[in-house]
Amino acid sequence: MKKAWDTHDVCDRCKKTRTKNELCAKCVIEVRKGRRAQQRTGWDRYFMDIAKQVSTRATCKRKLVGAVLVRDRTILSTGYNGSVKGMAHCTDVGCMMEEGHCVRTVHAEANAIIQAAKNGVSIDGATIYTTASPCWWCFKLIVNSGVERIVFGELYRDHRIKKFAFEARVALHHEKEEARDEGPRQPHTGDARRLRSARQGTVPR
């Protein structure tokens, strides 16, 4: 006597479990988990999206920039470009222009570093995510604060950072918008290890 599953007696995936469907229950769960994993946002894109949200607080309409300081996948500090504390914002009184730049605001990267210092949070060995690549002055602050990796969305104006990042042993990563469609990636464990080893004069395993 034929059983109900004889028309499709084994799972197409594992080729072991008897089932009346194409896949057994265990394989259905595994396939669904795999699909969810492929759709998950990678860590770099995750923190860059947070930096974009931070940029919505910026008060200089010439450029809305947000920055997030992260270590061990934990947010340490955030910052956006805005006026000096207690002073008028560009959105209220207009920009203060000098040589084609607005000098009324403190840049997002600097504000993120300042907030960490103000709250007693160490950022040594951290990664900074910024929606636009740092200017030369912010780049110097980032390097001297001990940040080991810079992830930026838009390459903005100053291209010197590419050369000097190499000399300062700071990793640069351009997180492009299309990276959202890629699978999850392990963002920076190896980069940080290699940088620490270079500073200590050892060879990473």
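How much space lies in the largest pocket? About 690 Å³. Keep in mind as you look through these views that this is a predicted model.

**View 1. The largest pocket and its lining.** With about 690 Å³ of space inside, this pocket is lined by 27 residues. Look for His101, Cys102, His107, Cys135 and Tyr156, which lie nearest its centre. Strands β5 (101–102) and β6 (105–106), along with helices α4 and α5 (136–144), each bring at least two residues to the lining. Helix α5 gives the most, with four residues. Sort the lining by class and you get 15 nonpolar, six polar and six charged residues.

**View 2. The second largest pocket.** Here the volume is about 370 Å³. There are 17 lining residues, and the closest to the centre are Tyr80, Ser83, Lys85, Asn111 and Gln115. At least two lining residues come from each of β2 (74–80), β3 (82–83) and α4. Which element supplies the largest share of this lining? That's α4, with four residues. By class, the lining splits into five nonpolar, nine polar and three charged residues.

**View 3. The largest nonpolar core.** This core has 20 residues, and the ones that touch the most other members are Leu69, Ile123, Ile128, Phe139, Ile142, Val147 and Ile150. Strands β1, β7 and β8 (149–154) and helices α4, α5 and α6 (160–167) each put in at least two residues. The largest share of this core, four residues, comes from α4. Apart from this core lies another one, made of eight residues, including Met48, Val54, Val68 and Val151.

**View 4. Ile123 and what it touches.** Ile123 belongs to the largest nonpolar core. Skip the residues up to four places away in sequence, and Ile123 touches Leu69, Arg71, Leu76, Ile113, Ala116, Ser145, Gly146 and Val147. Two of those names, Leu69 and Val147, also turn up with Ile123 in the list of core residues that touch the most other members.

**View 5. Ala126, tucked into a loop.** You'll find Ala126 in the loop between α4 (108–118) and β7 (127–132). Is Ala126 buried or exposed? Its relative accessibility is 0%, so Ala126 counts as buried. Setting aside neighbours within four places in sequence, Ala126 is in contact with Val70, Arg71, Leu76, Gly146, Val147, Glu148 and Arg149. Take Val70 from that list: 56 residues separate Ala126 and Val70 in sequence, yet their C-alpha atoms are 5.5 Å apart in space.

**View 6. Asp44 in helix α2.** Asp44 sits in helix α2, which covers residues 43–55. Why does Asp44 count as buried? Because its relative accessibility is 0%. Now pick out His174 as well: Asp44 and His174 are 130 residues apart in sequence and 9.9 Å apart in space, going C-alpha to C-alpha.

View 7. Across the chain the mean pLDDT is 82, with 80% of residues at 70 or more. Confidence is highest in strand β1 (residues 66–71), at 98, and lowest in helix α7 (residues 189–200), at a mean of 54. Two stretches deserve a careful look. Over residues 1–6, pLDDT stays under 50, and the model has five contacts beyond four places in sequence for them. Over residues 179–190, pLDDT also stays under 50, and here the model has 20 such contacts.

Technical notes:
Residues are numbered from 1 along each chain as its sequence is written. This is a predicted model: local features need pLDDT of at least 70, side-chain atom pairs count only at pLDDT 80 or more; totals for chains, interfaces and linings use all residues. Side-chain values use heavy atoms; hydrogens and water are left out. Buried means under 20% relative accessible area, exposed over 50%, partly exposed in between (1.4 Å probe, protein chains only). Contact means heavy atoms within 4.5 Å. On a 1 Å grid over the protein atoms alone, a cavity is a set of points where a 1.4 Å probe fits but cannot get out, and a pocket is an open set with protein on both sides within 12 Å along at least five of seven lines; lining residues have an atom within 4 Å of a point. Grid points are joined across faces, edges and corners, and a volume is the space filled by probe spheres set on the points. Ala, Val, Leu, Ile, Met, Phe, Trp, Tyr, Cys and Pro count as nonpolar, Asp, Glu, Lys and Arg as charged, and the others, Gly among them, as polar. pLDDT is the predictor's confidence in each residue, from 0 to 100. A nonpolar core is a set of buried Ala, Val, Leu, Ile, Met, Phe, Trp, Tyr and Cys residues joined through side-chain atoms within 4.5 Å.
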